[in-house]
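Here is a friendly walk through one protein model. Please keep the sequence and the 3D view open while you read.

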Amino acid sequence: MGDRTKAKLIDELGRLQQRIDELEALGLEHKHGEEELLAMLEGISSVIGEDFFRALVRYLSRVLRARYALVGELTDDGRSVQTIAVWAGDDFAENFVYELKDTPCENVIYKEPCYYAGDVQKLFPRDKLLVEMGVESYRGIPLRNSSGDTLGILVVMNDGPMGGCERAWSILKFSAARASAELERRKAEETLRRSEESLVEAQRIARIGNWDWNIKTNELRWSDEIYRIFGLVPQEFGATYEAFLNSVHPEDREFVKRSVDDALYKKKPYSIDHRIVRPDGTERIVHEQGNVVFDSSGKPVRMIGTVQDITEQKQAEQVIKARVEQQRAVAELGQSALAGVDIMELFNEAVSILTRTLEVEFGKVMELMEDDRELLLVAGVGWKKGLVGSMRVSAGYDSQAGYTLLSSDPVIVEDLDREERFSGPSFLKEHGIKSGISVIIHTRKRPFGVLSVHTREQRRFTKDDVNFLQSIANVLAQAIERKKAEEALSQERERLAVTLRSIGDGVITTDTHGRIVMLNTVAERLTGWTQKEAEGRPLAEVFHLVDEKTGKRYHNPVAGGIDLAGTSDLTNSIVLVSKDSSERIIAKSSAPIHDMDGNVMGAVVVFRDITDKKKLETEILRASKLESLGVLAGGIAHDFNNILTAIIGNITLAKMSGDIDEIYRRLSEVEKATLRARALTQQLLTFSKGGAPIKKTSSIAELLRDSTNFILRGTNVRCEFSIPDDLLPVEIDEGQMNQVINNLIINACQAMPEGGTIRVTAENMDVKEGSSLPLKEGKYVKISIEDQGIGIPEKHISKIFDPYFTTKEGGSGLGLAASYSIIKNHSGHISVESKPGKGTTFYIFLPASGKRIARGRTEERDFVCRGRILIMEDDNLIRNVIGEMLKRSGYEVDYAVDGREACDLYRKAMKTTKPFDAVIMDLTIPGGMGGKDAIKTLLEIDPGVKAIVSSGYFNDPIMADYKKYGFKGVIAKPYEAKELLSVLQRVIVDGD
């Protein structure tokens, strides 16, 4: 130890002595403390690494009077400590991994230095190490690097009490600082070592090394990897520029020297590939790159660079290049085969491609004869004149070709003179052949023959060469099969044509591009095209289809290269337009045509003329509809006759009576009968063609509950509702939808005369494209109404929605028919499931609305009836009745018989001090301008006109969407005075 080090230690001892004196004042004994501490400092100052840590724990145990001392390094996961040195009593203990959780060391690592004077086991009962070592007291301090990160821990422990003097902490802090520095140094060295090892490993994996050439001293420094690449041993190689050049392949040496000189004196980039020769004579290919360092005068002084072994890469590139060339050759031959080149021309092209690509002298195609005993040379390159077409060899073991057929595998010959698998043939030896390959040309039923290549020089053919030869053989095999198939197809087509001419359906066949191949006689007659005219034309041009209903051109499912994977049948009415523009209704189907391998060769279309059959079906349907109409008319007549009887009877009785009360009572009965008539007409109109509901955004949940509870009031039937809070709103005519719910609930009640439970369920659902439901894709509300009643017989299920069909005594047969029409007019769907004796369930699907529900204001009970009203109505009786209703309610009234008169009166009133406050307009005026046209003129006169449309045709689209046409309100005939006053209230007073 030097004098300076001793001086520093003496200073430290002085400071420690001061603390010792303070502790001795408290009664602590530290006999010989200075000597022990000095011994410790001397013992740890001259060692590093593991020796340092072992010396540290041994001296700490002695100086601090502790039985145990250890230093540990924090593991990567931060959950445990790996000890580096452990002193236990009188000797070193083996290192171990110490889990930190629930231990005093955990507090030290993540907090601050910790000291436990006694009972440490009780404080940390899960720390098994404390128990095993019998530890009573504990003192620990973290080891941190210069950045403040925790590296490990320094701990002293005792099996008895341990004093907490300042001296002990000072020693521990000093030791921790020294241990932290050593631990940080150790980690840095480990990182550096790993980095160097990684670099060496990376160079080895990449087969790349680095070099440094001192041009002045001609000293060349190589990394280990360069020596490995060059196959040299460092001790046996004088690393100079000239020694390097001696390892370069003689043919590349001048190129390398010139490249180096260009880099040194012309400052050109140094990046070259060249060959080297190893001491064992093997050659390698390397890639070199280098940079030149120049001095201040521009003179080269140093060159630094890398060498990479790229032998395998270059070889792979050559292999890939050869494979690409071979694939191009196969593709070239394949194109010729697809183009329909004559088979013999294809054989000659194949052997020409093989000899050129594989760089061989001979190539041949040998065909197996019918007797399976000989093979004939049918095409070849390199053979003596006259052999092609005449040379025959044995199909047995007397020839390479015969042996190839018998072995069923490719045959490679490296040296024909030493070949023992087969003998001959003599003509191969006569041509001086040494090596070759032969493969089988496989066709479906039997091998066609053998394809071979040969060379005079001995050569080792590769597996890639064999695969290339087999690929060429496969192309030839497919061409041969195609030729056979075409010949067979030609014969089959002739037989098929004879068959097709004799059947009664029209038949058209196409190729895979949708172009016509053949028409039979019936197809010629129905299309108007002959076989000669149609052949080769697109199917859509000859087979011209249109939709019977829309007249639009129909898509031909086999036209123009479409997917021919499956059959297609057209069930919709389609019309075939012939060449002379005449039209026929046809039924049609199509299907793909497959060859024996399952490949699609085209399509066949079969069709028949069903024009007469369609006419007959139409007549039958018309008769059926007339029969249904008769039933409907009879039912309507019956109901209206009953209502008219009640009306006429009560009017007659009123006229006969002189009593005012009796007359009033009779007129009330007339009013009731009239309202029944109105309900009947509305019910009939809901399933008439073109019925349009007057919709608004509503909550179907409220309507379901209110309508159902109202119907079931006073019955022996109860209802269970299952309706979610987030049920989507719908666009409905509440009156019509209420009618549907009433009909279904009433039917359910009547199906359970002894009482029971109806289950009403509603839910949101998505209808996807392709769903079995007859609905468009989108969001819907699904309603289910289920009863436990007698059910519906299966034979009646299909008729329950027909008008006036009923099985109930006294039933009208209109309820479900009206319900069906209402749901249909709401773009929805209604269906039923039923099992006799087990109940019936009706399902309703309504399109969900994206709008919010508009909360309507409360109806006024006392109407404000002031203002001037114009009534446009052509019927004098109705006009007067409406006028009297309004006059008696407090309105001033004027009349017009049509739209023109109404517009004139409105224009004149605009110029006075009393313009009209509202106009009530009949939608339809026979022979005159109705409300639809009149509103346009009124809006030009007064854009703020408050017009109310009124009609007995409440299913008219204008009634359903009146605001779109400029009206402010709507009222359907017939109506009561309070309905009319309510509409006027909303339009005039409320401004709605």
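Asn747 is partly exposed, at 21% relative accessibility; buried means under 20% relative accessible area, exposed over 50%, and partly exposed in between, with a 1.4 Å probe and protein chains only. Helices here are DSSP runs of H or I with at least four residues, strands are runs of E with at least two, and both are numbered from the N terminus.

A word on where this comes from: the model is predicted, local features need pLDDT of at least 70, side-chain atom pairs count only at pLDDT 80 or more, and totals for chains, interfaces and linings use all residues. Residues are numbered from 1 along each chain as its sequence is written, and side-chain values use heavy atoms, leaving out hydrogens and water.

Leu816 belongs to the buried residues of α24, together with Gly815, Ala817, Ala818, Ser819, Ser821, Ile822 and Ile823. Helix α24 (residues 815-825) is mostly covered, with eight of its eleven residues buried. After α24 comes Ser827, which has a positive phi, near 60°.

Now to the interior. In soluble globular proteins, nonpolar side chains tend to be buried together. A nonpolar core is a set of buried Ala, Val, Leu, Ile, Met, Phe, Trp, Tyr and Cys residues joined through side-chain atoms within 4.5 Å. The largest one has 37 residues, of which Ile700, Met737, Ile745, Ile758 and Leu846 touch the most other members. Helix α22 (residues 734-750) gives the most to this core, seven residues. Leaving aside residues up to four places away in sequence, Met737 is in contact (heavy atoms within 4.5 Å) with Ile700, Leu703, Ile732, Ile822, Ile823, His826 and Leu846. Another core, of 35 residues, lies apart from it and has Leu346, Phe347, Leu354 and Leu451 among its members.

How do helices α11 and α12 run relative to each other? The axes of α11 (residues 311-338) and α12 (residues 343-358) come within 11 Å and cross at roughly 170°. That makes the two helices roughly antiparallel, a label for angles over 145 degrees. Axes are lines fitted to C-alpha atoms, for helices over the stretch in contact, and the angles run from 0 to 180 degrees between N-to-C directions. Among the residues making the contact are Glu325, Arg328 and Glu332 of α11 and Arg356 of α12.

Charged pairs come next. A salt bridge is a side-chain nitrogen of Lys or Arg within 4 Å of a carboxyl oxygen of Asp or Glu, and a search of the whole structure finds 33 of them.

| Salt bridge | N to O |
|---|---|
| Glu374 and Arg392 | 3.5 Å |
| Glu720 and Arg718 | 2.9 Å |
| Arg888 and Glu884 | 3.9 Å |

Glu374 is partly exposed at 30%, and Arg392 is partly exposed at 42%. Arg888 and Glu884 both sit in helix α25 (residues 876-889), four residues apart, about one turn of the helix. Arg888 is exposed, with a relative accessible area of 74%, whereas Glu884 is partly exposed at 38%. Salt bridges with shared partners also join Glu325, Arg328, Glu332 and Arg356 into one network.

Technical notes. Angles under 35 degrees count as roughly parallel, over 145 as roughly antiparallel, 65 to 115 as roughly perpendicular and the rest as oblique.
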